[in-house]
Amino acid sequence: MAGLVRPRHGRMLGGVCAALAERFGTSTNTMRVVFLVSCLLPGPQFLLYLALWLLLPGEKTATAAW
């Protein structure tokens, strides 16, 4: 099982929904809709999104070997 990282491609804001979609095997649009619908329910969804944005590492780029 690979670690959870925010991908460089396919993200809109911070890449949290794209990372979760990759982890759970769904499309990024489906994960975004799930997040938006969950915002209609009471709870700390925005705070959780911000925390994941800060805590999840970004995907590393491939660097050329010298």
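From the N terminus on, the elements run α-α-α. That comes to three helices and zero strands. The model is a predicted one. The protein has 66 residues, and buried residues make up 26% of them. Take the contacts between residues at least 6 apart in sequence: 40% of these join residues at least 24 apart.

Start with helix H1, which spans residues 16-24. Its buried residues are Val16, Cys17, Ala18, Ala19, Leu20 and Ala21. What covers them? The cover includes H2 and helix H3, residues 45-55. After H1 comes Gly25. The phi of Gly25 is positive, near 75 degrees.

Ala21 reaches past this point in the chain. Leaving aside neighbours within four places in sequence, Ala21 is in contact with Thr26, Ser27, Thr28 and Met31. In soluble globular proteins, nonpolar side chains tend to be buried together. The spacing within a helix also deserves a look. An α-helix has 3.6 residues a turn, so residues three or four places apart point the same way.

Now turn to helix H2, residues 28-38, where Arg32 sits. Is Arg32 buried or exposed? Arg32 is buried, yet it has no salt bridge. A salt bridge would need a carboxyl oxygen within 4 Å of a side-chain nitrogen. The nearest side chain of opposite charge belongs to Glu22, and it is 11 Å away. Which residues does Arg32 touch instead, not counting those up to four places away in sequence? They are Gly10, Arg11, Met12 and Cys17. Cys17 is itself one of the buried residues of H1.

H1, H2 and H3 each supply at least two residues of the pocket lining. Which helix gives the most to this lining? H3 does, with four residues.

Terms used
Residues numbered from 1 in each chain as written. Predicted model: local features only at pLDDT ≥ 70, side-chain atom pairs only at ≥ 80, totals over all residues. Heavy atoms only, no water. Buried < 20%, exposed > 50% of the residue type's maximum accessible area, 1.4 Å probe, protein only. Lys, Arg positive; Asp, Glu negative; His and termini not counted. Contact = heavy atoms within 4.5 Å.
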